[in-house]
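Student: Hi! Could you walk me through this one?
Tutor: Happy to, have a look at it here.
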Amino acid sequence: MFLEEFSAFCALFSPFRFCAEILERTHSFFFFGHPKAMKNMIRCGICGWCLEIAWTGFLSFRRRDPKLKGQSSLWMFPIYGMAAFIRPLSRVIRKWSFFARGILYTCCIFGTEYLSGSILKKHGSCPWDYSGSPFHINGLIRLDYAPLWFTTGLLYEKLLR
């Protein structure tokens, strides 16, 4: 009941219409037992793990390590699984250009990475530390990874159709 009232209130004000529509779609997607919600979270988690392992393997190739070790953390599965939120978001912005959608996904991924990293860091469990990069923010996100997150967001959009 509260959610419908809040959405109706937000819809009255032009700048909030977009937020209200996202909230409605996300709420029904996750909290009313959408049959694909858990499946999409698992798909996104597995896809994220695979991408991270491939990326870290590529980085070991750049370091000339013949083992090409890729690695990840169990913490990353639910973090990547949150990419399932792209599905309801993508329906709202489907008429945007791919560039605008990619920029929005990049911002969302940076926000998720920063928030989840902050929480994990507070408990001494953050599996990444970007402080060695000149383009880091508090060691939690790397701005030079923006093209990767741009592409990853669009990849998740395609995966979740």
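Tutor: We'll go through salt bridges and then a surface patch.

Tutor: This is a predicted model, so to speak of local features we need pLDDT of at least 70, side-chain atom pairs count only at pLDDT 80 or more, and totals for chains, interfaces and linings use all residues. Residues are numbered from 1 along each chain as its sequence is written, and side-chain values use heavy atoms, with hydrogens and water left out.

Student: How many salt bridges are there?
Tutor: The count comes to three, a salt bridge being a side-chain nitrogen of Lys or Arg within 4 Å of a carboxyl oxygen of Asp or Glu.

Student: Which residue pairs with Arg 101?
Tutor: Glu 157 does, with the closest N and O atoms 2.9 Å apart. The two are 56 residues apart, Glu 157 in helix 7 and Arg 101 in helix 6 (helices are DSSP runs of H or I, at least four residues, numbered from the N terminus).

Student: And is Glu 157 buried or exposed?
Tutor: Glu 157 counts as buried because its relative accessibility is 6%; buried means under 20% relative accessible area, exposed over 50%, partly exposed in between, with a 1.4 Å probe and protein chains only.

Student: What else does Glu 157 pair with?
Tutor: Arg 161, at 3.9 Å from N to O.

Student: New topic: which residues form the nonpolar surface patch?
Tutor: Met 38, Ile 42 and Ile 46. Patch residues have over 30% relative accessible area and no salt bridge, with nonpolar side chains (Val, Leu, Ile, Met, Phe, Trp, Tyr) joined within 5 Å and like charges within 9 Å.

Student: Why is Met 38 called exposed?
Tutor: Because its relative accessibility is 55%.

Methods: Accessible areas come from the Shrake-Rupley method with a 1.4 Å probe; for residues, only the protein chains shown count as cover.
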